[in-house]
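Here is a short briefing on one chain. Have the sequence and the model open side by side.

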Amino acid sequence: MSNYIVGDIQGCFDELQQLLQQADFNPKHDTIWFAGDLVARGPKSLETLRYVKSLGQSAKVILGNHDLHLLAVSLGIHKVKKKDQTAPILVANDKDELLNWLRHQPLLAEHPEFVMCHAGISPQWDLAQARSAAKEVETILKSDQWTWLIENMYDNQPDYWQPTLSGIERYRYTINAFTRMRFCFSDGRLDMACKLPPSEVKDNTLLPWFQLAERIPLEKTVLFGHWAALEGYEGKDVIGLDTGCVWGGSLTMLRWEDKQFFVQQAIQN
């Protein structure tokens, strides 16, 4: 029994299949953890959703920003963008089943030795607070209030966590931290503008969220995706797995037990 953790698929279904063959993944006794953004810019988002859903209990999935955006598009809050290549999902005969399954996925998934989220964990949170914040949003997503949440999640404020945050401001901060965060200011505020590799950032007030000196240490390794410009990252207690397959890079997967990485280069169509 092995645990495999894979970075952003973004509809790169063919690369996923080749990666799983390379690692000899067997859903009968292995578990695969998907670090969010199953859908978007790649050519086979529909096939990806169907496949991951078909894995049942063998798959652990968390929501990424593109997954949440797909839910918004399905509600008519935003129009589908051609570059997202998600239109086939919205006309599929199993659309409702797939989208209902998607909104029931969590923001945070946990293993005895690691946690997985899409973008990261707020540097102001300990693990107990991260669990609690995730659960609050997940509960609403699974309820009849989910459309209200999706309609009101698009904003960059508040950018600083305070336990007194309430209502949509509290939920929005949680969604942004788990699904959109990359850099933070030195005081812990989230920056939602910069998407560069850290080596190219000239503003010395910005740091990757996992490098803030005041970040509360967690008891487990954090596995995340979202940040293709990192081209993969290994730190003391964080591992970034998005290596930009959809941008012509590669799809990367980690086998947790022996820390072996499997890499599949993007297939040029």
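In which loop is Asp24 found? Asp24 sits in the loop between helix 1 and strand 2. The model is a predicted one: local features need pLDDT of at least 70, side-chain atom pairs count only at pLDDT 80 or more, and totals for chains, interfaces and linings use all residues. Residues are numbered from 1 along each chain as its sequence is written, and side-chain values use heavy atoms, with hydrogens and water left out.

**Overall fold**

- The chain has eight helices and 13 strands. These are DSSP runs numbered from the N terminus: helices are H or I with at least four residues, strands are E with at least two.
- The radius of gyration is 17 Å, close to the 18 Å from the globule rule for 269 residues, so the chain is as compact as a globular protein of that length. The radius is taken over C-alpha atoms, and the rule is 2.2 Å times the number of residues to the power 0.38.
- Along the principal axes, the C-alpha atoms fill a box of roughly 45 × 40 × 35 Å.
- Of the 269 residues, 57% count as buried. Buried means under 20% relative accessible area, exposed means over 50%, and partly exposed lies in between (1.4 Å probe, protein chains only).
- The accessible surface comes to about 12,100 Å², and 47% of that belongs to carbon and sulfur atoms. Areas come from the Shrake-Rupley method with a 1.4 Å probe; for residues, only the protein chains shown count as cover.
- Among contacts in the chain with a separation of 6 or more, 67% come from residues 24 or more positions apart. Contact means heavy atoms within 4.5 Å.

**Annotated span**

- The unreviewed UniProt entry annotates residues 4–171 as "domain: Calcineurin-like phosphoesterase". UniProt positions are given in the numbering used here, feature names are shortened, and annotations may be inferred rather than shown by experiment.
- Residues 4–171 are 42% helix and 9% strand, and their end C-alpha atoms lie 30 Å apart.

- Phe13, Glu15, Leu16, Leu19, Leu20 and Ala23 are buried in helix 1 (residues 13–23). They cover an arc of only 155° around the axis, so they lie on the same side of helix 1. The arc is that of the directions from the helix axis to the C-beta atoms.
- The buried residues of helix 1 pack against strand 1 (3–6), strand 2 (31–34), helix 2 (45–54), strand 12 (250–255) and strand 13 (260–265).

**Backbone features**

- Asp24 is exposed, at 63% relative accessible area.
- Asp37 lies in the loop between strand 2 and helix 2, and counts as buried at 2% relative accessibility.
- The peptide bond from Gln157 to Pro158 is cis, with omega near 0°. Pro158 is in the loop between helix 7 (146–151) and helix 8 (167–179).

**Salt bridges**

- The count comes to 13 salt bridges. A salt bridge is a side-chain nitrogen of Lys or Arg within 4 Å of a carboxyl oxygen of Asp or Glu.
- Glu110 pairs with Lys220, with the closest N and O atoms 2.7 Å apart. The pair links distant parts of the chain, 110 residues apart: Glu110 is in strand 4 (residues 109–110), Lys220 in the loop between strand 8 (206–208) and strand 9 (221–224). Glu110 is partly exposed at 32% relative accessibility, whereas Lys220 is buried at 15%.
- Lys135 forms a salt bridge with Glu138, the closest N and O atoms being 3.9 Å apart. The two are three residues apart in helix 6 (residues 127–141), so about one helical turn separates Lys135 and Glu138. Lys135 is partly exposed at 48%, and Glu138 is buried at 6%.
- Salt bridges that share partners join Glu110, Arg131 and Lys220 into one network.

**The loop at Asp94**

- Asp94 lies in the loop between helix 4 (87–90) and helix 5 (95–103). Asp94 counts as buried at 15% relative accessibility.
- Neighbours within four places in sequence aside, Asp94 is in contact with Leu46 and Arg50.
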